Amino acid sequence: MAEPVDARCARELTAVFEELGAADAGALAALEALCFSSPWSEAQFVSSFGQAAFRAFGLRAAGRLAGYAAVYCGADELELLNIAVLPELRRQGLGARLLDGVLQAARKTGMNRGLLEVRVGNAPARALYESFGFAPVGRRKRYYADTGEDALVYQLDLASREECCMRKIVAANWKMYKTRGEAAATATALRRLLDGNMPEGRDVVVFPPFLAVSAVAEALAGADRMAVGAQDVYPAAEGAFTGEVSPAMLRDGGASWVLVGHSERRHVLGEDDAFVGRKAAFALEQGLKIMVCVGETLEEREAGRLEAVLARQLDAAFAGVRAAGCGDLAVAYEPVWAIGTGKVAGPREIAEAHALVRRLLVRRFPEFGNNVAILYGGSVKPANAASIIALDNVDGLLVGGASLDAESFSAIVRA
Ligand code: PGA
């Protein structure tokens, strides 16, 4: 029967089962018995475990469970990731979701000291691994005994993402609330609550209305890990653009960040994807960090267009962006139907969307897309912040209504 399970793996496995609503000890025991009943090699074990888990629990669960099984066996390479690209799963377009689950498991357990290696033969599997940021590092001659074909060796360094993503960004979007005096008072109260006392691994960014940017920058000057941003920007250095504000003016006012493409600008003010892209590229070129907001409407979600909408918005937003590294930008995923409505997306919906955004970021920025922070926004409150920020690929929160009050926002920062 099974060797004793490492305590951490056991905890993680339990968490996965709970998260997936599949807390069925009998099914897990059956899977274990099945997998341990034959003297298989590690890779066969994990592959078989993954396939059995897939049948029993579906997609993400199978990937996660296969990843944990790999740790459980002490496997030192992820040849076994190939379960993610079983031809029949790939035909159904499911390989990416399985692979995502395996990677989440590997990241959480610090498996293989952060370096994952796979050997891959066919072109569709290579494309899949590349879209997750794996890079080819060599070739194994005649690797496949049955066909005599070579395999390419691919590696992904998980360690870099772990380091970069130790910090999470908690951002306050004050929208069209607060005069200069009110904004300065809230910023001063926030500073009193957080400066010198910031929870481990948190960065705060406050986005006040334009007129209050410099007042908030003054109130937070010199505070540890508290930055100021603007809610919008115009993509030109200067000119006849009545009512608009340039990146240089924002920097002059003390802003280091800017939001681009917030859903209220897209849906209330009519900004289109191309305009958002021009703003993102220009603001970055002019020395601001950009927080690009994306998210689907309820109709788009219900029509099954989540992935298409996020891909379209991100592709357009980053079309002209020449970022130097992960610290230059962040993405905020804010489902339109959850903003200001009190409706929060569920953990599965959030994790699914963030995994999609992660994949699109890696495809767009292969060197550092894995490390770009992805924030969740939409009805975040002190009571739900901790459970949301703990989800896979959630590297921070963008908070509207609940950020207007210093006590409430600082409780979210501490979540
Ligand atoms: P909300 O707003 O927290 O009030 O839903 C979030 C946002 O629009 O950034």
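Mentor: Let's settle one term before we start: a residue is called buried when its relative accessible area is under 20%, with a 1.4 Å probe and protein chains only. Arg 301 has 18% relative accessibility, so Arg 301 counts as buried. Keep in mind that this is a predicted model, so everything here is computed from predicted coordinates.

Now the ligand. The shell around the ligand has 13 residues, and those that come nearest are Lys 175, His 262, Glu 334, Gly 340 and Ser 379. Sorted by class, that shell holds four nonpolar, seven polar and two charged residues.

Look at the polar atoms next. Lys 175 puts a polar side-chain atom 2.7 Å from an oxygen atom of the ligand. For Asn 173, a polar side-chain atom is 3.5 Å from a ligand oxygen atom. Gly 401 does it with the backbone: one of its N or O atoms lies 2.8 Å from an oxygen atom of the ligand. As for cover, the ligand taken alone exposes 280 Å², and the protein buries 97% of that.

Lys 175 sits in the loop between strand 4 (168–173) and helix 9 (180–194), and its phi is near 50 degrees, a positive value in a residue other than glycine. With 18% relative accessibility, Lys 175 falls under the 20% cut-off and therefore counts as buried. Ser 379 is in the loop between strand 10 (373–377) and helix 17 (382–389). The phi of Ser 379 is near 60 degrees, again positive and again in a residue other than glycine. Ser 379 is buried too, at a relative accessible area of 8%.

Back to Arg 301, which belongs to helix 14 (residues 298–302). Its side chain makes a polar contact of 2.7 Å with the side chain of Glu 296. Setting aside neighbours within four places in sequence, Arg 301 touches Glu 296, Leu 306, Tyr 333, Trp 337 and Glu 349.

Then there's the greasy part. In soluble globular proteins, nonpolar side chains tend to be buried together. Here the largest nonpolar core has 74 residues, and Val 258, Ile 290, Leu 310, Phe 318, Val 321, Tyr 376 and Leu 397 have the most contacts inside it. Apart from that core lies another one, of 14 residues, among them Ala 227, Ala 332, Leu 375 and Leu 398.

Phe 318 is in helix 15 (residues 306–318) and, at 1% relative accessibility, counts as buried. Beyond its neighbours within four places in sequence, Phe 318 is in contact with residues including Ile 290, Leu 329, Arg 364 and Phe 365. Its C-alpha atom is separated by 9.7 Å from that of Ala 274, which is 44 residues apart along the chain.

Finally, zoom out. The chain has 18 helices and eleven strands, and 55% of its 415 residues count as buried. Of the contacts with a separation of 6 or more, 71% come from residues 24 or more positions apart. The chain exposes about 17,900 Å², with carbon and sulfur atoms supplying 52% of it.

How values were computed. Residues are numbered from 1 along each chain as its sequence is written. This is a predicted model: local features need pLDDT of at least 70, side-chain atom pairs count only at pLDDT 80 or more; totals for chains, interfaces and linings use all residues. Side-chain values use heavy atoms; hydrogens and water are left out. A residue is near a molecule or strand if one of its heavy atoms lies within 4 Å of it. A polar contact is a pair of N or O atoms within 3.5 Å; within protein, one must be able to donate a hydrogen and the other to accept it, and residues adjacent in sequence count only if both atoms are side-chain atoms. Accessible areas come from the Shrake-Rupley method with a 1.4 Å probe; for residues, only the protein chains shown count as cover. Ala, Val, Leu, Ile, Met, Phe, Trp, Tyr, Cys and Pro count as nonpolar, Asp, Glu, Lys and Arg as charged, and the others, Gly among them, as polar. A nonpolar core is a set of buried Ala, Val, Leu, Ile, Met, Phe, Trp, Tyr and Cys residues joined through side-chain atoms within 4.5 Å. Buried means under 20% relative accessible area, exposed over 50%, partly exposed in between (1.4 Å probe, protein chains only). Helices (H or I, at least four residues) and strands (E, at least two) are DSSP runs, numbered from the N terminus. Contact means heavy atoms within 4.5 Å.
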